[in-house]
Amino acid sequence: MRISGQAAALGEAQPSHASGSSEPVIAIRRWTSAVSLAIAAIAVAGLVLRLLGARGDLWLDEIWSLTLLKPLTSIDQIFWRVNHDNNHFLNSFYLYLVGPDTSPLIQRGLSIALGVLTIPAAAAAAAPRGRWAMIATSLLFSISFPMVEYGSEARGYAGLVLFTLLSLILLERRLDKGGSAFGLAAMILLGILSHLTMIETAAILAGGTLWLTLRSKDSHGRTLIDGGQKLWPIFAAVLPVAACVALLDQLFGFKIGGLSQFSWSDLVQGYGGLIKGELGLPSRIGDLTSIIAACALVCVSAFVWRDRRASLYVIGIVGLPLVMGVARLPNLGTPRYFLVSGTLLLLWTGEMLGRGFDAGRMKGLLAFGALAVVVAGAASSLLGFYQYGRGSYSVIVEKVTANGTATYASNSSFRTVMVVDYFAARSNRKASLVPQSKVCAERPGWLIYEGDPDAQPVTIEPKCGDLVYDRAESSRYWGLSGLSWTLYQGRPAPVLVRP
């Protein structure tokens, strides 16, 4: 990149050619080096945070991905035989290569790498807003709790975030008539192969670009032609994948792991929870309050500055969740389904902090204070996450199968069976599920109950007359991914002797 380009990106005045002095050029180079070193240090910190987050057992959805791969006989079957929403193609491709028996750290390696690459990508996305925006944005993506958690588990969300940012960068370069159509199409395609919700990114980028072209002074006919010329790489990436998914759905069917009916309260919980997690807001702040405040600030900033990204932020942060609600989509109580909006929200937050740092001492102090609040909130969330992780299942399965084989019952048979079978197989052991309806007849040795351990009783007494289960162990998770288990061991009830 030329020095003038660096100066524009870092918000520095360009050197005066009339003076002939090299001092402005040297100052620009020093600032460029300082910013690059700061972002590199932030990326290293982000790597450490994600490595710490990658410790511990795989949780249900990660194990589910491995289970879907188990019957495959060749790697190409990932793309046509596993028609399931838990098949995140790039992640499945990587898991197929490393295998089910490697360490969790290796199995999560692709997500860790993509999660760390997100940090400099975020800085690059913020570069047009100046050096402070670059530093603040990279720091947000480095420490934000959802970014750390999703960037350290074997699923496709780290790739979704990374390729969303890279698609935005390449689209803006294309709008400036300097971007590669092939590069933009490739980023959209890789994003879709990371997670199908990359379709949301494509829709936001297309909607924002069309809005910008419609605001131009050219005729609408010419405007639409120009918009189509800029956006064709997005459609070139999306439409073939959509056609393939539709065809496979007709041939083999497409399964969704779990569905919860739409409700506005679920949407508020999911989106509000993601906003609070990203910005380190305390739990006492309501989810709806967080959504209203974030959306209002985004709209106000769009009205004040009215730059190229204003419409993009409004469409992605305000419009997309609203459309998802109007469409009454299922599973909206899950924060990760709003991750595209959350990515844009973090980018917008970094831009606002950068504007504050550039606006003088008083506003700079306010920006520093806001950033300190976010860092403190992220640290608090990460401490809880590092303490409990996504749950500790191997210890419980090892205790249940200490004799090599065991029987157990559960209040959540499908999820529990998948996790128990995975960890039992890794130790060459076996545990068999007893349906709840047959507990009295088959008398399993153990119960594994899913749910908050604090809400579980000390003992469980099925209506079998002489069978009692005592609480023996518990495991809880912290954050956005995981299951909590409580283990009970069976014992005969004491026999009362009548006098």
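This is a predicted model: local features need pLDDT of at least 70, side-chain atom pairs count only at pLDDT 80 or more; totals for chains, interfaces and linings use all residues.
Which residues does Thr197 touch, not counting residues up to four places away in sequence?

**Entry: Thr197.** I found Leu160 and Val340 in contact with Thr197, once residues up to four places away in sequence are set aside. I then checked where Thr197 sits along the chain. Thr197 is in a loop, with helix 10 (181-194) on one side and helix 11 (198-214) on the other. Buried or exposed, I wondered about Thr197? Its relative accessibility is 15%, and buried means under 20%, so Thr197 counts as buried.

**Entry: the whole chain.** I stepped back and looked up the secondary structure: the protein chain has 20 helices and 6 strands. I noted that 49% of its 499 residues count as buried.

**Entry: dimensions.** I looked up the span of the C-alpha trace, which is about 110 × 55 × 40 Å along the principal axes.

**Entry: contacts.** I took the contacts between residues at least 6 apart in sequence, and 72% of them join residues at least 24 apart.

**Entry: surface and charge.** The protein chain exposes about 23400 Å², and I noted that carbon and sulfur atoms supply 63% of that area. Last, I looked up the charges: there are 42 positive and 32 negative ones. How far apart are their mean positions? I have 5 Å in my notes for that.

Notes. Residues are numbered from 1 along each chain as its sequence is written. Side-chain values use heavy atoms; hydrogens and water are left out. Helices (H or I, at least four residues) and strands (E, at least two) are DSSP runs, numbered from the N terminus. Buried means under 20% relative accessible area, exposed over 50%, partly exposed in between (1.4 Å probe, protein chains only). Contact means heavy atoms within 4.5 Å. Accessible areas come from the Shrake-Rupley method with a 1.4 Å probe; for residues, only the protein chains shown count as cover. Lys and Arg count as positive and Asp and Glu as negative; His and the chain ends are not counted. The place of a charge is taken as NZ of Lys, CZ of Arg, CG of Asp or CD of Glu.
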